[in-house]
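Please examine the structure shown below before reading on.

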Amino acid sequence: MRLFSQDTKVTALKRAPLFDGLTRKELTELARVSEDLDIPAGKALCTEGEIGHEFFVIVDGDIEVTRKGKPVPLRGGGEFVGEIALLEETPRTATVTATTPVRAFVLTRHDFRALIDANPSVERKVLRALARRVVELSEDPTVA
Ligand code: CMP
């Protein structure tokens, strides 16, 4: 669904810290391939245990991360979610729910991989957040 004009999308993408350092041309390309979503408070972006196909970049709004129904501390900022299932082809490690209305951009597995392949600064930020989230996972005695 297209909610915003291309220009509005580029402006919103610019606000996402993950994309600091991308050129206007790269942002325009991202705006072209990403889908924009308005997610109401209470709705899940991804669900623990399910196979994931999307990467979410959160532009506005707050999320909560839960594992086995229990909230876990937010690691690596709350700016993007969904990278683990796309990098590792594993089921979603957590459920992520909007706690306020959330405005997000969604990339498919293919576009997410193309983005990190082409942009070392984005890849570094995703990997840093991933490391923090993995530490969180490994400290959780309920995760096998
Ligand atoms: P994925 O496993 O694909 O789907 C659930 C997502 O929640 C996961 O990727 C991470 O992006 C995100 N996530 C997991 N643990 C945390 C955490 N502690 N803080 C913030 N995000 C997390």
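A polar contact is a pair of N or O atoms within 3.5 Å; within protein, one must be able to donate a hydrogen and the other to accept it, and residues adjacent in sequence count only if both atoms are side-chain atoms. The model is predicted: local features need pLDDT of at least 70, side-chain atom pairs count only at pLDDT 80 or more, and totals for chains, interfaces and linings use all residues. Residues are numbered from 1 along each chain as its sequence is written, and side-chain values use heavy atoms, with hydrogens and water left out.

| Protein atom | Ligand atom | Distance |
|---|---|---|
| polar side-chain atom of threonine 93 | oxygen | 2.7 Å |
| N or O atom in the side chain of arginine 67 | nitrogen | 2.7 Å |
| backbone N or O atom of alanine 85 | oxygen | 2.9 Å |

On its own the ligand has 460 Å² of accessible area, and the protein covers 100% of this area (Shrake-Rupley method, 1.4 Å probe).

Around the ligand there are 18 residues, where a residue counts as near if one of its heavy atoms lies within 4 Å. Arg67, Arg75, Glu83, Arg92 and Thr93 come nearest. By class, this shell has 10 nonpolar, 2 polar and 6 charged residues; Asp, Glu, Lys and Arg count as charged. Helix α3 gives the largest share, 3 residues. Strand β4 (63-67), α3 (83-88) and α5 (120-139) each supply at least two residues; helices (H or I, at least four residues) and strands (E, at least two) are DSSP runs, numbered from the N terminus.
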